[in-house]
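Biologist: I am new to this structure. Could you take me through some of its local features, one at a time?

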Amino acid sequence: MSIRNFDALFAPKSIALIGASNEPGSVGAVLAANLTTAGFAGPVMLVNPHETTIAGRQAFASVAALPEMPDLAVIATPAPSIPELVAQLGGRGCRAAIVISTGFGGGTSLRQAMLAAARPHLLRVVGPNCLGVVVPGAGLNASFALGMPHQGSIALVSQSGAIIAAMLDWAAGKNVGFSHVVSLGDMADADFGDMLDYLALDRATRSILLYVENVTEARKFMSAARIASRAKPVVVVKAGRSRAGAKAALSHTGALAGSDAVYDAAFRRAGLLRVDELDQLFEAASLLAAGIRVGGNRLAIVTNGGGAGVLAADALEAHGGVLAALSPGTMEKLNAALPAAWSHGNPIDVLGDAKAARYEAAFGALDKEPGADAVLVINCPTAIADGTDAAQAVCAWSARRPPLPILTNWLGGATAAQNRAAFGAAGIPTFDSPETAVRAFMNLDEFRRNQAQLLETPSAGKATPAANVDRARRQIEAVLREGRTVLTAPEANALLDLFGIPATPISVAANAAEAARLAQEVGFPVVLKILSADISHKSEVGGVVLGLKTAAEVERAAEAMRERALAAKPHARLQGFMVQPMVARPKARELILGIATDACFGPVVLFGQGGTATEIVGDRVIGLPPLNSTLAKGMIARTRVARLLAGYRNIPAADLDAVSDTLVRISEMATRLPEIAELDINPLLADADGVLALDARVVVSAGPRVRPAIEPYPDALEQHVVLPQGQEMLFRPIRPEDENALSAMVAGCTPADLRLRFFNTIKALPREMAARLSQIDYDREMAFVAVRPTAAYGEGPIFGVARLIADPENETAEFAVIVRSDMQGHGLGYSLMEAIIAHGRRRGLKRIRGDILAENQRMLAMVRELGFTTTLSGGTDAVTATLVL
């Protein structure tokens, strides 16, 4: 349902508290006090059938007795009473409710009854079992938190009320304010996805903090998180790192893809900054409140204590940062201003007797330092120099708005606390130790890198042909019809071949003698493996023998292998043996690639160091499909084996493009073949000559599958179109690879045409905008590009684009269309509009709308011909065109 009626939740005109109380210390009494003393401008009506006045205000006996119906109801009554109260409130027009009450238990009956009562009235519910909602800017404190937080620009959303209480207490001492504070509780209705959708568009919110225990609707969460993180920083701490349940998985990948790793992949893919501890969430809040952003991981350190500077430098290296290399100009200024005994490098040790003037000299030298991305100022208490004067110097420097962000660490107790308070009042981030300051700086850099990766352009390429996907699906269906869930090795190899993944050829023998004969045809040396649908890991039953050099060796090995397999698995059905050439690639690295299924986020893709010790080595990462070349290479770079792939000593670098392409193909399998529950390629050999899969295992399922958390590329929407003048075009959804072609199309438009499309004069499409327009969320947006029928993904030229962006409710979408100037007059714009309107109908949209400059008569005539109604937008030179579907 997303953000419908959230105006009643966050900006109500009137409020009712059901369950208000006069009993000191009760939830009802605290709620009443908070609601009536927070500065809310509208009426606050208190309901309790046993009281006539509460907190000096009239109390009403029931919902029916209220003099007016509130926009927002806050409910703190026993759980069994909630469904009927929600029904009464909704029936009278209330649009939102915060259910504080506990007691819903582990069952679903009360919860479902509450939702059933709310649904006919579109009444939104926060909770149950929550602390409440606070909006300082609206004077709204619908919570039983202690006190009212300051107004600020940070939104805090948490499943845990206790975490919110702790955050508010911490913030009060740091002078950190909030735009919104939301305790979601059990998330019966409103959840993280809804909140992110709302806060992404909220102008009072500059950054968002999340405390997450679990996500309920993965696709909605991912769509909302990706949109929000492009608009403002989103920092998340995830509780619960349990990997229980992984033991039941059949494959290596299933065992390795623990739920916390999947959450980590989801947060990274959405562009969120994940921190590991609550302290780091506080640190992030301090930085975000100051509006600090960094351009890299290079830190300059100014300190009056050499030891503290060394601690900061050590922490910086441990977190992957680097000490800024000071330029000759900066060194010259420092040498001129500081005593001869200063450190002559970074950290800049201004010495223990440094007074404010010496700090100021260092700041002046760093003002134009091109090699640094931020400055950490450290002060250690001494009896010689006053740390308060140095703190005032930092505040004065910050007030001049220097180009480099400033972080501070004033070590010590009472005196340092006063200075930290001064920094907080001045909006300067301050930390209790050098290590925490450095960690916070590096978290900002990780956020920057996450955002930068989202804007990288993937290389052009071709998807696996639809005919191959159909053949793969038929093969899997045949396996399922036989009552099997595990593909045999030859079947798995055939599947890899259909998706373009090189694999070692397999010859199948029914008995030992045939295995010996096939080995002679394959050529020695060979590998012999047992073939049985009942044996998952062949090496565990002695079902793999390497380096056989003669037919006699093969026959003897086959007979012995059969005996070992039956001894280990007496009831296994042995189908024979597999003979493969012994691969000699001594400089290859062993990798593991795979697919697993997460109960919440659906299919996930795994990459890491492979081989028989893959679980022990533990070098692996998880990614959410669909992947492209950029995302695949990003996954590879986060592993230790990436350094081996880059080459070392006499070992040349592996073909990274081949490795990343294999990951992309695995990702295709995960999204286009939902019947695949698990897949392992282990090992996948990778060297300078490419990749080769030596062994693959595939588990399939006919049962219901969890859909991917990110909508994959909808190839079914590709359509061939013939324009009125006979030109053939392919209309297809835009892809991230189209960024450069999209920019080239805009460059091919006249300035007049661009002004009509963008309502402004632009000479070229900014890089960030081009990336955003080509990297869309197919679950909420669609953009059809017109290209030549034979053009590969990412190849130009693009002749035109029609676009729809739907609201979170999937009711209304805004449209836009642009055709390259030299292609106008051929009917392309009209055909693109027809295609995007048809897509809107398929999605179930209720209406499509868009703004058109009044002077754009050609566009206005076209939309009217397509059935749009047009109205002049008040006070503007634009016309709003609306089509009711």
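Predicted model: local features only at pLDDT ≥ 70, side-chain atom pairs only at ≥ 80, totals over all residues.

Biologist: Which residues of helix H29 are buried?

Modeller: Helix H29 spans residues 857-865, and its buried residues are Met859, Leu860, Met862 and Val863. They cover an arc of only 160° around the axis (taken from the directions from the helix axis to the C-beta atoms). That arc puts them on the same side of H29: Met859, Leu860, Met862 and Val863.

Biologist: What covers the buried residues of H29?

Modeller: Contact here means heavy atoms within 4.5 Å. The cover includes helix H28 (828-843). It also includes the strands S35 (812-819), S36 (847-853), S37 (869-872) and S38 (878-884).

Biologist: Why does the pair of phenylalanine 815 and phenylalanine 868 count as tilted?

Modeller: Rings of Phe, Tyr and Trp (its six-membered ring) pair if their centres lie within 6.5 Å; planes under 30 degrees apart count as stacked, over 60 as edge-to-face and the rest as tilted. A search of the whole structure finds 13 such aromatic pairs. In this one the ring centres are 5.2 Å apart and the planes stand at 55°, so the pair is tilted.

Biologist: How many residues apart in sequence are the parts that this pair ties together?

Modeller: Phenylalanine 815 and phenylalanine 868 are both buried. Phenylalanine 815 lies in strand S35, whereas phenylalanine 868 lies in the loop between H29 and S37. The pair therefore ties together parts whose separation in sequence is 53 residues.

Biologist: Is arginine 780 buried or exposed?

Modeller: Arginine 780 sits in the loop between helix H27 (767-774) and strand S33 (781-787). Leaving out residues up to four places away in sequence, arginine 780 touches several residues, among them Asp197, Lys220, Leu804 and Arg843. With a relative accessible area of 10%, arginine 780 is buried.

Biologist: Where is proline 797, which a cis peptide bond joins to glycine 796?

Modeller: Most residues other than glycine have a negative phi, and most peptide bonds are trans. The bond between glycine 796 and proline 797 is cis, with omega about 0°. Proline 797 is in the loop between S33 and strand S34 (800-806).

Biologist: What phi does asparagine 5 have?

Modeller: Asparagine 5 comes in the segment before helix H1 (6-10). Asparagine 5 is buried, at a relative accessible area of 15%. Although asparagine 5 is not a glycine, its phi is positive, about 65°.

Biologist: Is leucine 122 buried or partly exposed?

Modeller: Leucine 122 is in the loop between helix H4 (109-118) and S7. Its phi is positive, about 55°, although leucine 122 is not a glycine. At 35% relative accessibility, leucine 122 counts as partly exposed.

Key
Residues numbered from 1 in each chain as written. Heavy atoms only, no water. Buried < 20%, exposed > 50% of the residue type's maximum accessible area, 1.4 Å probe, protein only. Helix = DSSP H or I, 4+ residues; strand = E, 2+ residues; numbered from the N terminus.
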